[in-house]
Amino acid sequence: MSDGITATAEAQANTALDLTTLSVREANRALQSAKGGAFRLLNPGGKHALACGLSQPVSVSIEGHAGYYCAGMNQRAEVTVHGNAGTGLAENIMSGTVRVTGDASQSAGATGHGGLVVIAGNASARCGISMKGVDIVVGGDVGHMSAFMAQAGNLVVLGDAGPDLGDSIYEARLFVRGAVARLGTDCVEKEMRAEHLDLLRDLLARAGMQADPAEFRRYGSARRLYHFKVDNAGAY
Amino acid sequence: MCGIVGLFLKDAALHPRLGALMAPMLAEMTDRGPDSAGFAIYRDGPARPTLSCLAPEGFDWPGAARALADATGAEVGVERISDHALLRVSGDLRAARRWLIDHVPQVDVLASGEAIETFKGVGDPLAVARTFGLEGRTGTHGLAHTRMATESAVTISGSHPFSTGPDTCLVHNGSLSNHFLLRGMLEAQGERLQTENDSEVAAAFLAWRMRSGDTLRQALEAALKRLDGFYTLTIGTRDGFAVLRDPIACKPAVLAETDRWVAMASEFRAIAPLPGVEHARIWEPEPGTIYTWGGGDMAKAA
């Protein structure tokens, strides 16, 4: 397969990998060994770990619903799911872009260090949990405990956020256009300054989302959980 | 981890294919629960009061049926399938169930009702489905479960579904942390539990609430307050089913609906082979929210 992959860009543009005949491992091996080009993953049928561990600038179109851990550990690749994605979409993404045209299940973008995750529909619970630098843009709502222990990066939500948004957050920025059911511990609303409006405008443009940055509110860490309080020493 | 699938057919033209549609769904969930499996089918056609029963190999089913008939005055027919038997009872089904539990301790009464038939076993889920002929079964709706045991032993009777009353049953993915305390409370209220399984406690809890006059919805609202732990529950009723996830919602669930069917599964891949799935509305049920399909006896499931 790898010999075929190094052919011309034109030939690669039509490379179709059909999961009714290939195993997920075979398809992933083909994607991981490609140096570039465009691929279509056909008949994904909700299978797990599709397009995982990609490290080269390949483009992958998953034509249907994906299961768990789709596009995990992504680097440089552009992966688009034309459908919904299961638990752990783009988990630990390092760079590149992962897009979903439908909804994503829980823990989308979990622990991501970089890159961009775009979910056109809703994301469910724990979206961006422990995010470490990734940018996540959600066209709809996010579920409870989103951005839990978020450390760096940006979460943009065009809809509403469920309860306990940003619980125990460190330094990530959270932008929500709709209602927040309840802020998590140590998460507070913050002033939206010009630099944040610029940042948000850029994120929305990169995500391909139409929205006015002025309609969003910004949330972040109150930084009360950073340090051990000596008053609590007696508890140990 | 466990796997759940449920299929509710809106289009009667699909009734003959219920089991054939469900078998691949169950098989797809094998790696979520490879140690045991079970399923409940709601037959179409006229009501046929039935006790779905399990007993050890070599059990004297004709003798038990005769004794049951003598004791209760009901006519009892026996249809044996492997270590299960469907006892067709023309008479008081509740009395027959109670008599069997009280007098024949080798028998586990898995389900009772006019439409429900329940089968369960240990080992490969597809083998369990084959043993009990899932693929050829017809009906209006059904639930199935693949189990990866965490809270109690891998036994046939510890497999799901668990009965929650006439023509109702429950399958569970998750683990309850307060099942021991709840068990004591339920036994004090007169519930008879037949296994050490935490999911059976959830079933008995719903049975107790509905016996006390709750609708299924009210019983599930009470469950949200009293069950502590992780759960995605799917409950079958005579003419529908209900889905409930705990408020933390770690345990997965996907719902899909078309004009012809409603499907529930732990993961989408179990729904993927259904006809017309490409046009289905697909969504993830919200935490702590009760979803129901079907009407009629949903209001008064017990």
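A: A pocket, on a 1 Å grid over the protein atoms alone, is an open set of points with protein on both sides within 12 Å along at least five of seven lines, whereas a cavity is a set of points where a 1.4 Å probe fits but cannot get out; lining residues have an atom within 4 Å of a point. Grid points are joined across faces, edges and corners, and a volume is the space filled by probe spheres set on the points. The model is predicted, and local features need pLDDT of at least 70, side-chain atom pairs count only at pLDDT 80 or more, and totals for chains, interfaces and linings use all residues. Residues are numbered from 1 along each chain as its sequence is written, chains are lettered from A and ligands numbered from 1 in the order in which they are written, and side-chain values use heavy atoms, with hydrogens and water left out.

Q: What is the volume of the largest pocket, and which residues lie nearest its centre?
A: The volume of the largest pocket is about 810 Å³. Its lining consists of 36 residues, with B:R97, B:G165, B:P166, B:E191 and B:R211 nearest the centre. Helices (H or I, at least four residues) and strands (E, at least two) are DSSP runs, numbered from the N terminus. In chain B, α3 (93-103), β6 (108-113), β9 (162-165) and α6 (198-211) each supply at least two residues of this lining.

Q: Why is the largest pocket said to lie between domain 1 and domain 2 of chain B?
A: Domain bounds come from an automatic or database domain assignment, and chain B is divided into domain 1 (2-47 + 138-298) and domain 2 (48-113). Because both domains give residues to the lining of the largest pocket, it lies between them.

Q: How many residues of domain 1 of chain B are in contact with domain 2 of chain B?
A: Contact means heavy atoms within 4.5 Å. By that rule, eleven residues of domain 1 of chain B are in contact with 16 residues of domain 2 of chain B. The centres of the two domains, taken over C-alpha atoms, are separated by 24 Å. Buried area is the accessible area (1.4 Å probe) that two parts lose on being put together, summed over both. Between these domains the buried area is about 1,100 Å², and carbon and sulfur atoms give 43% of it.

Q: Why is the pairing of B:R192 and B:D102 called a salt bridge?
A: A salt bridge requires a side-chain nitrogen of Lys or Arg within 4 Å of a carboxyl oxygen of Asp or Glu. The side chains of B:R192 and B:D102 meet at 2.8 Å, N to O, and form a salt bridge. Between domain 1 and domain 2 of chain B, the count is one salt bridge.

Q: What do chain A and chain B share in contacts and buried area?
A: Twelve residues of chain A are in contact with 14 residues of chain B. The two chains bury about 940 Å² between them, with 47% of it on carbon and sulfur atoms. A:H65, A:Y68 and A:H144 supply 36% of the area that chain A buries against chain B, more than any other three residues. The count of salt bridges between chain A and chain B is zero.

Q: What is the volume of the largest cavity, and how many cavities are counted?
A: The count comes to one cavity of 30 Å³ or more, and the largest cavity holds about 80 Å³ of space. Its lining includes B:C2, B:R147, B:H160 and B:D198. By class, this lining has three nonpolar, six polar and three charged residues.

Q: What makes the bond joining B:H160 and B:P161 a cis peptide bond?
A: Omega is about 0° for this bond, which is cis. B:P161 is in the loop between β8 (141-147) and β9 of chain B.

Key:
Ala, Val, Leu, Ile, Met, Phe, Trp, Tyr, Cys and Pro count as nonpolar, Asp, Glu, Lys and Arg as charged, and the others, Gly among them, as polar.
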